Amino acid sequence: SVERTLSIIKPDAVAKNVIGQIIARFEGAGLKVIAARMMHLSRADAERFYAVHSARPFFKDLVDFMISGPVFVQALEGENAIQKNRDLMGATDPKKAEKGTIRADFADSIDANAVHGSDAPETAKAEIAFFFPEINIHSR
Ligand code: CMP
């Protein structure tokens, strides 16, 4: 079915100037950008967005990294968008990511791993709402 998912191009990939190359992969797989914004997250934003990980040992490093530079946030729409985006991204740890995936090609480490993507329909809904009020979403 047609789904929406949230994608974040992280500070490492923005710094590498590969926003366009990553978006081209989404578009090539049939995902449409229906909302987008470039922003520099505050610490409070990043802590709220990743609240589910707040008890994990990597939380502080994750937040520090996500506020280290601007990010490019998008809502993507398409058939099976959540899984399709996860397949395009590859494994969280770029050392384990399959050849040809975004993380295998652009990521440096488990923190500087180029992209974030929603992992399930409920999180996709919450994550899209976190960044985009409905009026800024342009499904067509
Ligand atoms: P992301 O999909 O943005 O969700 C949480 C992030 O935490 C993850 O990508 C990684 O960049 C980062 N992270 C760091 N260490 C770990 C770990 N051990 N397991 C999962 N995520 C981790």
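**Ligand contacts and strand pairing**

In the side chain of tyrosine 50, an N or O atom lies 2.6 Å from an oxygen atom of the ligand. The model is predicted. The ligand sits in the largest pocket, and strand S1 pairs with strand S3 as well as with strand S4.

- Lysine 10 has a polar side-chain atom 2.7 Å from an oxygen atom of the ligand.
- Asparagine 113 has an N or O atom in its side chain that is 3.3 Å from an oxygen atom of the ligand.
- On its own the ligand has 450 Å² of accessible area, and the protein covers 79% of this.

**Residues around the ligand**
- Lys10, Tyr50 and Asn113 belong to the set of residues around the ligand.
- By class, the shell around the ligand consists of 4 nonpolar, 4 polar and 3 charged residues.

**Strand pairing**
- Strand S1 spans residues 2-9 and strand S3 spans residues 71-79.
- S1 and S3 are antiparallel, and 8 bridges join them.
- Valine 2 has glutamate 79 in S3 as its bridge partner.
- Strand S4, residues 115-117, also pairs with S1 in the antiparallel sense, over 3 bridges.
- Isoleucine 8 is bridged to histidine 116 in S4.

Conventions:
Residues are numbered from 1 along each chain as its sequence is written. This is a predicted model: local features need pLDDT of at least 70, side-chain atom pairs count only at pLDDT 80 or more; totals for chains, interfaces and linings use all residues. Side-chain values use heavy atoms; hydrogens and water are left out. A residue is near a molecule or strand if one of its heavy atoms lies within 4 Å of it. A polar contact is a pair of N or O atoms within 3.5 Å; within protein, one must be able to donate a hydrogen and the other to accept it, and residues adjacent in sequence count only if both atoms are side-chain atoms. Accessible areas come from the Shrake-Rupley method with a 1.4 Å probe; for residues, only the protein chains shown count as cover. On a 1 Å grid over the protein atoms alone, a cavity is a set of points where a 1.4 Å probe fits but cannot get out, and a pocket is an open set with protein on both sides within 12 Å along at least five of seven lines; lining residues have an atom within 4 Å of a point. A molecule sits in a cavity or pocket if more than half of its atoms lie within 2 Å of its grid points. Ala, Val, Leu, Ile, Met, Phe, Trp, Tyr, Cys and Pro count as nonpolar, Asp, Glu, Lys and Arg as charged, and the others, Gly among them, as polar. Two strands pair if DSSP finds at least two bridges between them. Helices (H or I, at least four residues) and strands (E, at least two) are DSSP runs, numbered from the N terminus.
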